[in-house]
Amino acid sequence: MGCCPSSFLTETHPEKQQNQQPPHHVHTHNHIHTQPHPPPSLTADPSAAGGVPSFSEFSFSDLKAATDNFSSDFIVSESGEKAPNLVYKGRLPNRRWIAVKKFTKAAWPDPKQFVDEASGVGKLRHSRLANLIGYCCDGDERLLVAEYMPNDTLAKHLFHWENQTIEWAMRLRVALSIAETLNYCSSEGRPLYHDLNAYRVLFDEEGDPRLSCFGLMKNSRDGKSYSTNLAYTPPEYLRNGRVTPESVIYSFGTVLLDLLSGKHIPPSHALDMIQGKANMLLMDSHLEGKFSKEEAAVVVNLASKCLQYEPRERPDTKELVTTLAPLQTKPDVPSYIMLGIPKHDEAPSTPQRPLSAMGEACSRMDLTAIHQILVATHYRDDEGTNELSFQEWTQQMRDMLEARKRGDYAFRDKDFKTAIENYSQFIDVGTMVSPTVFARRSLCYLLCDQPDPALRDAMQAQCVSPDWPTAFYMQSVALAKLDMQKDAADMLNEATALEEKRQRGGRGA
């Protein structure tokens, strides 16, 4: 079956396109299973951290397709192609953006150890964590899959900003967010965070700060936990090479220094300034004095405690939260305003063109009306999709058409589970392809509250018949059911435009 038209898979952030195959079936290969996982594109737990998908397994081919064969254009790691373990952005067939960390081949030789580690991190769900949603363990490939954060890193906004520096209240919000996330991870039995620094703090669609989940796992089974300059490394790590919860607090202190100064100051130099009562010399001159000296003194004091040479003299994560929480002065101002970035676009509520009966039903998500239209349309839009020779009319063909007929009766009678079973028999034989069967099975899945396979079937209908409006209409409903309103509205517009074009063609225009 051919590839879906690239218009469906156009990215909404960078102006590039990914040519992806919609999955016929999501394949899994070998690997260690701690427990069976359903395919990731078919599983979402809307209750988990605001619609974050359940942690699950991806095949290597899924991630190859999502990242355009691990194209260098999709690399988002801070060091680009020079980083030992590259991070790519990618897009799944259900249009969800992901971040994919690809480890070097020898990083995790024991697949079970890798899966166990990843599964432990994958259980965590927090609104200020860029959550881990999956892993891949195909052959010697080792990859992690996380939520994608489109608005850069704290390092970019602090050290390499273009239009405006981060205002003081936003810096305090970032500090509290990191503290709350570390405290949550600690309470869930994951107190170790490897190489905490300004590059590990990311910003989501709304400009809210998130801590990367990738730091909750080492870069390799036996590898170093710190890749930054030794001047920023906890002193005890230099002595024994071990990361402890207290080491994480030390690293948090270095991030506080970054937030105070807008520069990456070595901790020893900063402590000399603090002990010499030169606190104000630490402050970022780009703030132009627009900060509370009292609040700054609290943060400087907390940073000093975090950077104590003796680990036992450092605060714990609870103390970080209780110290920083009272400093939040603009709780009602959205993060994107304080960061100076555009607001995440809301979906337009209605398309700009007049809607047909099918368009109206899809915009209302009226599945009953869509069912009536598909029953009335029958198979007239399938003409030309199958050229069959006489020899192909075998017993198998007759059985397949019988399965389709049984599916049609069940569909007409609103027995949607039976319709799915019979249409699946027809599709699995594969001798004939029918966009109408895919559209009908898509609606059956929607009526059985399964929007992911419904979206997949609607995409397959588009593959068979690239300019068929119904395929786009069904995608718009499935996307809306998946709470992807912007994409749903775009798809409804595209369907309406195709229907208009088809009607003009029918009138000889």
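The model is predicted: local features need pLDDT of at least 70, side-chain atom pairs count only at pLDDT 80 or more, and totals for chains, interfaces and linings use all residues. Residues are numbered from 1 along each chain as its sequence is written, and side-chain values use heavy atoms, with hydrogens and water left out.

**Overall make-up**

The protein has 509 residues, and 54% of them count as buried (buried means under 20% relative accessible area, exposed over 50%, partly exposed in between, with a 1.4 Å probe and protein chains only). Its secondary structure comes to 19 helices and 8 strands; these are DSSP runs numbered from the N terminus, helices being H or I of at least four residues and strands E of at least two. The accessible surface is about 23,000 Å², and carbon and sulfur atoms account for 49% of that area (Shrake-Rupley method, 1.4 Å probe; for residues, only the protein chains shown count as cover). Among contacts between residues at least 6 apart in sequence, 66% join residues at least 24 apart, where contact means heavy atoms within 4.5 Å.

**The sheet**

An open sheet of 5 strands has the order β1-β5-β6-β3-β2, with mixed pairing. Because β1 (56-57) and β2 (86-91) stand at the edges with a single partner strand each, one side of each has no neighbour in the sheet. Two strands pair if DSSP finds at least two bridges between them. Strands of a sheet pair through backbone hydrogen bonds, either parallel or antiparallel.

Strand β3 (residues 97-102) pairs with β2 in the antiparallel sense over 6 bridges. On its pairing with β6, β3 runs antiparallel and is joined by 5 bridges. Of the 6 residues of β3, 5 are buried, so this strand is largely enclosed by the rest of the structure. The hairpin of β2 and β3 has 5 residues between the strands, and Arg95 there takes a positive phi near 75°.

Opposing residues in these pairings are listed below.

| Residue | Stands opposite |
|---|---|
| Tyr88 | Val100 in β3 |
| Ala99 | Ala146 in β6 |

Leu86 lies in strand β2 and, at 15% relative accessibility, counts as buried. Leu86 and Leu143 are 57 residues apart in sequence, and their C-alpha atoms are 9.8 Å apart in space.

**Helix α2**

Helix α2 (residues 111-122) lies across β5 (132-136) and β6 (143-147), running at about 170° to β5. Axes here are lines fitted to C-alpha atoms, for helices over the stretch in contact, and angles run from 0 to 180 degrees between N-to-C directions. With 12 residues, α2 reaches 16 Å from its first C-alpha to its last, close to the 16 Å expected at 1.5 Å a residue (1.5 Å times one less than the number of residues). Its buried residues, including Phe114, Val115, Ala118 and Val121, pack against β5 and β6.

**Nonpolar cores**

A nonpolar core is a set of buried Ala, Val, Leu, Ile, Met, Phe, Trp, Tyr and Cys residues joined through side-chain atoms within 4.5 Å. The largest has 80 residues, and Leu154 and Phe252 have the most contacts inside it. Helix α4 (residues 168-187) gives the largest share of this core, 12 residues. Leaving aside neighbours within four places in sequence, Phe252 is in contact with residues including Ala175, Ile178, Leu196, Leu302 and Cys306. Apart from this core lies another, of 47 residues, among them Met358, Phe416, Tyr473 and Ala488.
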